[in-house]
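These are my notebook entries on a two-chain model. I set down what I looked up, item by item.

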Amino acid sequence: MTPVKAIGGVLADLTPRRGGDNLSWLAEARFNALEWVGQHGFPSRKDEDWKYTRLDPILTVPFEAAITGSGLRVSAELINAASVDLGGIRLVFVNGHFAAQFSRLTELPAGALVTTLASVLATTPERLEPFFSHTPGGRHAFAAFNDAFAEDGAFIHLASGVTVDEPIQLVFFSDAEGGPLMSSPRSVIIADAGSHATIIESYAGINNDIYFTNAVTEVVLAENAQIDHYKVQNEPVTAFHLALLKVRQGGNSRFSSRSVMLGSSMARHEVRVLLAGADAEVSLDGIYLPQGEQSHDNTIFIDHVATNCTSHQLYRGVLDGRGHGVFNGHIMVRHGADGSDAHQQNKNLILSDHAEIDTRPRLEIYTDDVKCTHGAAVGQLDDEALLYLRTRGIPMAQARGLLVYAFVQEMVDRIELVPLRVQLEKLVADRFAKSERSVEP
Amino acid sequence: MLKINELRATIDNKEILRGVNLELKAGEIHAIMGPNGSGKSTLASVLIGRDGYELSGSVEYEGQDLLALSPEERAAAGIFLAFQHPVEIPGVGNMYFMRTALNSLRRGRGQEELDAVDFLSFAQERMKLVEMDPTFMNRSVNEGFSGGEKKRNEIWQMAILEPKLAILDETDSGLDIDALRIVASGVNALRNEGRAMLVITHHQRLLDYIVPDYVHVMAAGQIVHSGDKSLALELEANGYVGLTPSLAQVGVAP
């Protein structure tokens with residue numbers, strides 16, 4: 001395969017390994033994806049959906065595509081420290097490739113399959129063809145790049161009516177000692193009619209490593225299926241993280257996703273939900289906490305196509321230091337999507353004079369029978385509340401921490417998975433205990 | 001305990017306090033009355049260290065220069081304000097808030113901090129003073145509380161922090177007669193010879209329940225008249241108009 005020299009940036013010099021492409025459809029899909037990138041280039045600030053995303057560093061670092069078995073320092077201790085062990089099944093990927101020695105496979109109910117993308121490519125590749133061939137590599141260069149490079153990730157299939165009680169944990173760990181690495185995990189989750197599972201994606205790595213995670217997760221829910229999804233992004237501040245979570249919902253299905261962004265120098269979490277069947281419900285929560293020089297981008301597109309679907313978005317950010325946040329939430333209600341109910345709320349707390357938030361709610365509505373609300377707020381700590389706490393003897397720094405924590409806590413409280421909530425409470429509390437206190441009012 | 005000397009406070013080029021003189025001794029209750037805009041609440045704000053005022057004159061508290069201290073240092077030194085408008089703080093639990101506050105004070109005094117269990121029993125006992133429902137401990141600070149509940153919550157906090165000098169700013173405002181009685185009895189239970197209180201109010205009514213040793217009338221940023229508790233009754237009967245000569249002295253029309 002030819003590297004796409006025509007496009008800008010060093011990423012263009014990368015050539016996919018020919019993983020799995022004794023399959024002609026896969027080779028073709030990878031080729032098409034790269035060709036598309038070659039024609040269209042990487043997104044720039046001129047693109048509506050990338051207007052506020054700081055991509056320059058990703059396009060200038062000479063990343064190498066990670067290969068199986070790369071990562072020499074990774075250990076069970078590091079992985080355990082970076083994720084919470086929820087006890088059930090746990091797939092660990094190192095630099096985007098399955099690491100059996102750190103994973104735990106438990107017995108699952110009949111009809112539930114939790115395995116790796118690589119093993120499906122090796123045994124029943126036809127199951128993946130629709131995901132690679134029909135991915136509109138077109139719309140988005142990084143998703144196309146994932147098409148071209150993805151070799152492994154999680155593959156989950158729940159047959160009709162199957163419920164997996166224990167949460168399914170996916171840990172994506174990076175170890176880029178040898179130099180800047182790009183990993184391209186690709187996960188596919190297929191929930192047949194009436195099935196139900198809880199899935200957690202965690203992303204972490206080793207401090208000071210320079211790497212780029214370019215992840216794509218696709219979820220397909222059939223009628224009456226339910227998936228509760230969580231994502232914890234806690235990559236080191238020397239890493240870059242771009243992720244696309246693509247969801248397609250059938251009639252009366254339920255999808256929820258709670259995302260917490262703590263790490264990375266530059267992170268973007270994009271969620272695209274297609275409400276294709278009537279009466280489907282989606283609920284998206286997000287917390288983002290950029291500080292220092294971090295940039296956290298939440299881009300959401302919810303496409304109301306079918307009738308009587310409900311969507312909720314609740315995003316909160318705390319911005320400190322020179323941190324930069326983006327909330328770009330787009331709701332589309334198509335012609336004929338009568339009875340749509342769409343709500344969006346974004347609140348931001350700015351702690352320093354140098355922090356920045358771009359918040360952009362977008363509603364596009366092509367039907368009359370619709371209920372939509374949206375709101376965006378940007379504020380600072382409430383001086384009156386600070387004074388109140390201080391008059392009770394609570395020192396300034398602690399009073400500030402308490403108020404910031406409270407702002408985030410309301411979101412953390414919405415996480416129903418108790419061990420995960422406890423872990424996040426700790427991560428968030430640690431973050432604000434040592435957060436930079438830029439201005440003394 | 002507290003000696004206020006020629007205290008002046010200006011905000012946005014407007015002088016609100018125009019030379020306040022006042023002295024409180026331990027065990028005494030002083031009431032400050034006066035019309036709207038006379039500077040009563042500003043005096044409370046300055047005493048607890050609210051930002052934004054240009055100050056002159058002096059305030060001596062137990063031998064220290066009070067004006068040099070931050071709000072939290074004043075709290076640590078034993079000063080407490082029951083706010084006229086208690087602040088709602090979503091997401092911060094009432095009990096966690098008070099435990100953090102009490103432990104900050106205890107740490108400052110070199111005392112051992114209370115753990116959640118010990119604090120809980122202490123806090124519950126103190127709630128009885130103001131007939132508060134224990135469920136209020138699990139709610140966010142003042143969030144969704146009625147006016148009366150907020151005021152009771154202030155007195156509960158005072159009962160926990162056990163200040164040396166308590167300032168009650170319009171604690172009676174917005175209370176019906178039953179709530180007023182409960183709040184006042186909580187305050188009275190906290191009266192003791194080591195503790196001074198400064199009770200700011202509009203209405204004589206509160207002083208039927210919290211009987212002061214001294215009553216001061218404030219007008220146009222000064223204390224224009226001082227007396228014993230009978231002064232409050234006089235004000236009730238004649239209004240502030242009866243004090244015209246004093247008001248005239250400070251150059252303000254009645």
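What radius of gyration would a compact globule with 254 residues have, and what does chain B have? The rule puts the globule near 18 Å, and chain B has 18 Å, so the two agree. I note at the outset that this is a predicted model.

**Entry 1: chain B as a whole.** I looked up the extent of the C-alpha trace of chain B and found a span of about 60 × 40 × 35 Å along its principal axes. The secondary structure of chain B comprises nine helices and twelve strands. Of its 254 residues, 44% count as buried. I then took the contacts in chain B between residues at least 6 apart in sequence; 69% of these join residues at least 24 apart.

**Entry 2: the side of chain B that touches chain A.** I counted 19 residues of chain B in contact with 16 residues of chain A. At least two residues of this side of chain B come from each of α2 (71-76), β7 (89-93), α3 (94-108) and α5 (147-161) of chain B. By class, the residues on this side of chain B are 13 nonpolar, four polar and two charged.

**Entry 3: helix α7 of chain A.** Helix α7 (residues 383-391) of chain A is mostly covered, with seven of its nine residues buried. Those seven are A:Ala385, A:Leu386, A:Leu387, A:Tyr388, A:Leu389, A:Arg390 and A:Thr391. What covers them? The cover of the buried residues of α7(A) includes α8 of chain A, and from chain B it includes α1 (40-48), α2, β6 (79-82) and β7. After α7(A) I find A:Gly393, with a positive phi near 100°.

**Entry 4: helix α6 of chain A.** Nine of its nine residues are buried. Among them are the phenylalanines A:Phe142, A:Phe145 and A:Phe149, as well as A:Asn146 and A:Asp147.

**Entry 5: the sheet of chain A.** Ten strands of chain A form an open sheet with mixed pairing, in the order β3-β2-β6-β9-β11-β13-β15-β17-β19-β21. Which strands stand at the edges? They are β3 (97-98) and β21 (370-379) of chain A; each has a single partner strand, so one side of each lacks a neighbour in the sheet. Within the sheet I followed one pair, β17 (residues 310-319) and β19 (residues 340-350) of chain A, which run parallel over ten bridges. A:Leu319 stands opposite A:Ile350 in β19(A). Helix α8(A) packs on the sheet and touches β15 (281-288), β17 and β19 of chain A, its direction making about 160° with that of β17(A).

**Entry 6: the largest nonpolar core.** This core has 203 residues, and those touching the most other members are A:Phe93, A:Ile156, A:Phe173, A:Ala191, A:Ile227, B:Ile167 and B:Val199. Helix α8 (residues 396-412) of chain A gives the most to the core, namely eight residues. I looked up the surroundings of A:Phe93: beyond its neighbours within four places in sequence, its contacts are A:Phe98, A:Ala99, A:Asp152, A:Gly153, A:Val171, A:Phe172, A:Phe173 and A:Pro185.

**Entry 7: A:Ser160.** I located A:Ser160 in the loop between β5 (154-158) and β6 (168-174) of chain A. It has 14 other C-beta atoms within 10 Å and is therefore partly exposed. Apart from neighbours within four places in sequence, A:Ser160 is in contact with A:Asp192, A:Ala193, A:Gly194 and A:Ser195.

Entry 8: A:Asn252 has a positive phi of about 60° although it is not a glycine. It lies in the loop between β12 (240-249) and β13 (254-261) of chain A. Is A:Asn252 buried or exposed? It counts as buried, because it has 20 C-beta neighbours inside 10 Å, and 20 or more is the condition for burial. In chain B, B:Glu62 likewise is not a glycine, and its phi is positive at about 45°. I place B:Glu62 in the loop between β4 (54-61) and β5 (64-65) of chain B. With 14 C-beta neighbours inside 10 Å, B:Glu62 counts as partly exposed.

Methods
Residues numbered from 1 in each chain as written. Chains lettered and ligands numbered in written order. Predicted model: local features only at pLDDT ≥ 70, side-chain atom pairs only at ≥ 80, totals over all residues. Contact = placed C-beta atoms within 7 Å. Helix = DSSP H or I, 4+ residues; strand = E, 2+ residues; numbered from the N terminus. Nonpolar A, V, L, I, M, F, W, Y, C, P; charged D, E, K, R; others polar. Rg over C-alpha atoms; globule rule 2.2 N^0.38 Å. Buried ≥ 20, exposed ≤ 12 C-beta atoms within 10 Å, placed from the backbone. Core = buried A, V, L, I, M, F, W, Y, C linked by C-beta atoms within 7 Å. Pairing = 2+ DSSP bridges. Axes fitted to C-alpha atoms, helices over the stretch in contact; angles between N-to-C directions.
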